[in-house]
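This report describes how the parts of one protein chain are arranged. Please look at the sequence and the structure first, and then read on.

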Amino acid sequence: MNVTEDLRRRYAELSPALQRVARYLLDHPSEVVTSSMRSVGTRAGSTPATLVRFAQHVGYAGWPELKAALTVEMGLGPDAYGARARQLVGRVRDHTLTDEMFEVQRGNLELTQRQIAPALLKACALLEKAPQVHAAGFRACLPIAFSFFYVYRMFRSSVQLVDGQGGTLEMQQRAFAKGDAVLVASFVPYSREALQVAQAAKAAGCKLLAVTDSVASPLSLIADETLLFAIRSPSFFPSVAAGVAVVEALVELLASRGGKAVVKRIDQAEAQLFESGAYLQAPVRRGG
């Protein structure tokens, strides 16, 4: 069990003073791992001595050990992109390099499948109840949000992509309305824009669906529902393949729950794509 899951499980058993620390850690994990103990204590309304007592109470030798465990959980270990890239240099003739990548991806998909199974139907219900759905993803997570938007739009017109193109992020956020659903995708070290969209969604009274890598993610901590995906990679950059698989599975379920009306809209959308020239004309079948 990881740090945040353990704290959620034990929260009710803590004293009021230790609950304040636990609540701050759960709400602001990124600040805990990047700030000094004194700064965390001030923001949490606690003393450094209370932080040490808290860490020991939940099973760690002290605050540095708790902080280190949370750092690893959030994927913020010591190996930066450059350090990981240096490990690849010289392996160009290593025939196991590509095999290793696909093996890790298979593991990511299997882990992701287990993680999202309990939450997928809840995520579908959240989206189906919303008058409008907005999907946001930035940098490496743009493909996740765009894939969801593009395919879901084939049978639901009230889906919008939030990408901030041309500096229009604030303008796009103004479309958020109470009752809407906002899907936001991000993984550690977490995009500033993704958190901004998530916070704007909550402020507008929207339901928030986080597609992210950890229950300690700042998106997950404020989300109504979370779909987790694994980001492990032997390369220098985290993988988004499982994140794309998550939204593909989500749209698949949404289509399956939509019945004949959804089938009709998908048929119409596909026909329009061929008629407009967006897709090349399907080959004519010849009798044989």
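Two residues are said to be in contact when heavy atoms of theirs lie within 4.5 Å. The model discussed here is predicted.

**The sheet**

Strands of a sheet pair through backbone hydrogen bonds, either parallel or antiparallel. In this model, five strands form an open sheet in the order S2-S1-S3-S4-S5, and the pairing is parallel. Strand S2 (159-162) and strand S5 (225-228) stand at the edges; each has a single partner strand, so one side of each is left without a neighbour in the sheet. On average, neighbouring strands of this sheet are turned by 20° against each other, direction ignored. Strand S4 (residues 207-212) runs parallel to S5 and is joined to S5 by four bridges. Within S5, Leu227 is the bridge partner of Val211.

**Helices on the sheet**

| Helix | Strands touched | Angle |
|---|---|---|
| H12 (residues 192-203) | S1, S2, S3 and S4 | about 160° to S3 |

Val133 is found in strand S1. Is Val133 buried or exposed? Residues under 20% relative accessible area count as buried. The relative accessible area of Val133 is 0%, and therefore Val133 is buried. If residues up to four places away in sequence are not counted, Val133 touches Leu127, Phe148, Tyr152, Arg156, Ser158, Val159, Gln160 and Ala181. With the same exclusion, Tyr152 touches Leu127, Val133, Val159, Val251 and Leu254.

**The nonpolar cores**

The largest nonpolar core has 39 residues. Which residues have the most contacts inside this core? They are Leu127, Phe148, Tyr152, Leu227 and Leu250. At least two residues of the core come from each of H9, S1, helix H10 (142-152), S2, S3, S4 and helix H13 (241-258). H13 gives the most, with seven residues. A second, separate core has 21 residues, among them Leu14, Val21, Ala22 and Phe54.

Methods: Residues numbered from 1 in each chain as written. Predicted model: local features only at pLDDT ≥ 70, side-chain atom pairs only at ≥ 80, totals over all residues. Heavy atoms only, no water. Pairing = 2+ DSSP bridges. Axes fitted to C-alpha atoms, helices over the stretch in contact; angles between N-to-C directions. Buried < 20%, exposed > 50% of the residue type's maximum accessible area, 1.4 Å probe, protein only. Core = buried A, V, L, I, M, F, W, Y, C linked by side-chain atoms within 4.5 Å.
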